[in-house]
Amino acid sequence: MSAQPALRLPSARTARLLIPEPEAAPAVSVIVPCYDEAEGLPSLLARLERMEPLGWEFIFVDDGSRDGTFTMLLAAARTRPWMRVVRHGTNLGLGAAMRTGFDHARAPIVCTIDSDCTYLPERLPELVRLVEGGADIATASPWHPDSVPSQGGRLRVALSRAVSGLYKLLIGQDVHTFTCLCRAYRREVLEATHFRAAGFAAVAELMLRGMLNGYSVREVPMELGTRQFGESKLKIGNAIVSHVGLLALTALLLLSARWARGQAGHRA
């Protein structure tokens with residue numbers, strides 16, 4: 001594949017496509033948001049290299065990294081036809097990186113994964129098979145009763161478990177994990193579901209809005225591992241504020257939907 005810059009401009013003003021699209025659309029697109037992940041990139045790329053026989057495309061979104069992440073991604077993509085690289089000039093947040101990746105994905109099934117390998121990328125095919133089997137969204141689920149105890153950072157684990165429990169209680173469906181980036185989506189879900197959050201809460205918002213729109217969710221019990229390279233980008237205070245706002249928004253949407261159903265019933 002040619003390493004020359006793409007001639008077309010992407011739709012998002014904040015992103016630049018650095019590696020051009022191949023002609024044939026893949027069966028699965030995988031979005032990999034990256035922010036200052038230079039230390040762990042060699043390990044991640046080695047693991048994804050072993051998945052090349054699947055014929056999937058991996059779209060790396062460099063979200064304004066300040067270290068050597070972007071340079072390393074460009075160098076790696078020149079010899080790996082399954083890689084594409086998109087760049088934000090400045091750091092815009094995980095939600096923005098997800099939206100940029102979705103804009104450039106071409107497959108009927110679109111996945112997202114963490115660049116720090118706290119969830120095993122080798123288990124993505126399990127999620128894809130659930131979508132191929134009829135699920136609209138398939139997610140890794142460390143808080144599922146059948147999952148093994150997680151080894152992630154204590155603050156990340158505590159926050160994820162707490163907000164996932166609140167979302168589960170609020171939405172009233174038997175889904176245990178709402179904050180996990182390791183997912184597979186039917187493309188139609190992403191086209192019909194708009195989410196606004198720029199940071200980590202975008203992961204939960206996309207799931208919640210999809211569920212409120214009637215899309216089905218399947219879970220795969222999966223361990224949340226420990227980051228081996230670099231530092232977590234999660235800012236606990238900002239994340240708590242974002243999730244509180246999202247909980248309030250979800251409650252409002254649920255009340256509005258119930259009121260609309262009640263009005264329809266009265267008219268009938």
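The structure is a predicted model, in which local features need pLDDT of at least 70 and side-chain atom pairs count only at pLDDT 80 or more, while totals for chains, interfaces and linings use all residues. Residues are numbered from 1 along each chain as its sequence is written, and side-chain values use heavy atoms, with hydrogens and water left out.

**Strand 2 and its burial**

- Strand 2 spans residues 28-34, and seven of its seven residues are buried (under 20% relative accessible area, with exposed over 50% and partly exposed in between; 1.4 Å probe, protein chains only).
- Strands here are DSSP runs of E with at least two residues, and helices are runs of H or I with at least four, numbered from the N terminus.
- Cover is found on both faces of strand 2: V28, V30, V32 and C34 are buried on one side, and S29, I31 and P33 on the other.

**Strand pairing and connection**

- Strand 2 runs parallel to strand 5 (residues 109-112), joined by four bridges; two strands count as paired if DSSP finds at least two bridges between them.
- Within this pairing, I31 stands opposite T112 of strand 5.
- Strand 3 (residues 57-63) also pairs with strand 2 in the parallel sense, over six bridges, and here S29 stands opposite E57.

**Aromatic pairs**

- There are four aromatic pairs, defined for rings of Phe, Tyr and Trp (its six-membered ring) with centres within 6.5 Å; planes under 30 degrees apart count as stacked, over 60 as edge-to-face and the rest as tilted.
- One of them is the edge-to-face pair of F58 and W82, at 5.5 Å centre to centre with 80° between the planes.
- F58 lies in strand 3 and W82 in the loop between helix 2 (69-77) and strand 4 (83-88), 24 residues apart.
- F58 is buried at 1% relative accessible area, as is W82 at 5%.
- F102 and Y185 form another edge-to-face pair, at 6.1 Å and 75°.
- Because F102 belongs to helix 3 (residues 94-104) and Y185 to strand 7 (residues 183-186), this pair ties together parts 83 residues apart in sequence.
- F102 is buried at 13% relative accessibility, and Y185 at 1%.
- Ring pairs link F102, Y185 and F195 into a cluster.

**Charge over a ring**

- R87 lies over the face of F70, 4.0 Å from the ring centre; the criterion is NZ of Lys or CZ of Arg within 6 Å of the ring centre and within 35 degrees of the ring normal.
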